[in-house]
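Please keep the sequence and the model in view while reading.

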Amino acid sequence: IYLPYWPQSRDSEQVIAANKKAVAEKMEGMEFRDIPVGVRDNELNSDVEMIPLSDNSYVDSNDDDDCEPMLKSKVDQTDDGLQKSNRWLFIWLSICLTIAISATSAVIVTVRKPTNPTLYVPDMPPVTKSTVVSNEEISSTEVPEVTIDLISPTEVLNEEISKAKGSEDWENDRELEEMIREKMKPKEFQFIVKDVNDTVIPGAENAKLSYMPAKQFAHLHHMKTGGTSMDGVINCGARRLGKVLKEKVVQGKLSECSFNNFQKCMNDESPSCAGRIDKSSVMSYCAPLYAVQKFNWLDADIITVLRDPVDRVWSQFRFMTSHCYRCTPLLDIYKMIDNSTINEFLCPGLGGKSCKSICVPQILNHQSRNLILSYLDDDTESMDAEEKLHEAIENLKTKFTLIGITEELETYRKFVGHTFPWLSENYMDSPMTCKLKHRNASPGNNRCGANGGHWELPAHPDEETRKAIIAHNQVDVKLYEAAKKYFAVQKRVFDSL
């Protein structure tokens, strides 16, 4: 009998007591065979059948608990009084047999109920022949105890993500494709024109007042992914749109790179910062998604670009070699992170206290960290890697209008121009052209060489450094694989338009 989770009925103890003697008598001379937990009916041998039972067939009529169906193994029945026609008695005896067997079998199984119980039956190997053991042999055997935890929904999702190496089967997900098709439909910038009586007159030339709703469009910028180049396109498009509409498009920016200002804004210590963000129609967030959420921008159209983690981290290191990493090889930086000496290195004199710096988070799963809604210093620190990955992938899919990858930035630029016409290279009759340009390249002199000269770093890291980057950015590696699959679906949709 297989009971994945059996809530205790109110009269179960009385039933057990009443049938204990009868069960012992019925067990004499009977042989039993184990059925592995989670087997399917098509995997069972011919002498085992599935008997789905209604709730009231084995639970007292006054008991409201829900119970799962059971698997019953056919056994030789030597007692003439136990017939199939007497199904009620057989069911109650089967239940009691289960309890009695658990006290004498070779393994005692304890099933713990999860906080939010959801039955998950994993794929199991086919049923194999079991050895029949007599009651005498069982009695003389030392009984080990095994505990089996029911798998919670979160654990199931994490297991699926691990097996999929970062994402679901997005390439063949037709529902996802239709969702992306809807997201990629052209969206005009909202600009409402009113007359002096505050009556909306779309496009009226004689209007006296105008209104541009805030919180329309945002760019979540991960460092060294081509985000500054995309910001250039967005800034150009906003200026051009303002000239076309003869109304200034209010833009805002929040960046972790100005770490002290960022902390003040996030901690509500800068009313002017929050005010600017609240009034802006277009925002650039060089910050995690939880900052977007804090200032109530999640309903805006948000875009982002992700990059191969090895290329991104190495580019970050080359860009901030002196300012962040004090002219120290990246391999040594990772070693200090591993032995917990990095804080003293980056912020000498703190006596082991936390160093308030963005330099370390930039080279440790930076992109997945940016896609988590939980606040960094609270919930995020209690999440394991699989939980972070799952949330990052889910937010990538549900919180963003468009997803780009640096390796195909020109193609992504076309997606953006199609979906947001005001960001296309050419817009209406405006003479302004908004091209995608490479911006924010690594410095020509990082002042890490001899006599303040340049320390020439290669375009790509050596093999040992590459392996260290991968080892310290495992979540980003899986996230990027998911982003590439999502981008491929966007590309297929775009080509079909």
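Helices and strands are runs assigned by DSSP, numbered from the N terminus; a helix has at least four residues and a strand at least two. The model considered here is a predicted one.

His222 lies in the loop that links β7 (217-220) to α6 (227-245). Is His222 buried or exposed? Residues under 20% relative accessible area count as buried; the value for His222 is 0%, and this residue is therefore buried. Its side chain forms a polar contact with the side chain of Thr304, at 2.9 Å. Apart from neighbours within four places in sequence, the residues in contact with His222 are Thr304, Val305, Leu306, His366, Gln367, Asn370 and Leu371.

In helix α11 (residues 330-338), the buried residues are Leu330, Leu331, Ile333, Tyr334, Met336 and Ile337. Among the elements that cover these buried residues of α11 are α10 (309-319), α12 (342-346) and α16 (463-471). After α11 comes Ser340, which has a positive phi, near 60°.

For α14 (residues 385-398) and α17 (residues 474-496), the angle is about 25° and the axes are 10 Å apart. Angles under 35 degrees count as roughly parallel, and α14 and α17 are therefore roughly parallel to each other. Their crossing is right-handed. The contact involves residues including Leu389 and Ile393 of α14 and Leu479 and Tyr486 of α17. By class, this contact of α14 with α17 comprises ten nonpolar, no polar and three charged residues.

Conventions
Residues are numbered from 1 along each chain as its sequence is written. This is a predicted model: local features need pLDDT of at least 70, side-chain atom pairs count only at pLDDT 80 or more; totals for chains, interfaces and linings use all residues. Side-chain values use heavy atoms; hydrogens and water are left out. Axes are lines fitted to C-alpha atoms, for helices over the stretch in contact, and angles run from 0 to 180 degrees between N-to-C directions. Angles under 35 degrees count as roughly parallel, over 145 as roughly antiparallel, 65 to 115 as roughly perpendicular and the rest as oblique. A crossing is left-handed if the near helix is turned anticlockwise from the far one by less than a right angle, and right-handed if clockwise. Contact means heavy atoms within 4.5 Å. Ala, Val, Leu, Ile, Met, Phe, Trp, Tyr, Cys and Pro count as nonpolar, Asp, Glu, Lys and Arg as charged, and the others, Gly among them, as polar. Buried means under 20% relative accessible area, exposed over 50%, partly exposed in between (1.4 Å probe, protein chains only). A polar contact is a pair of N or O atoms within 3.5 Å; within protein, one must be able to donate a hydrogen and the other to accept it, and residues adjacent in sequence count only if both atoms are side-chain atoms.
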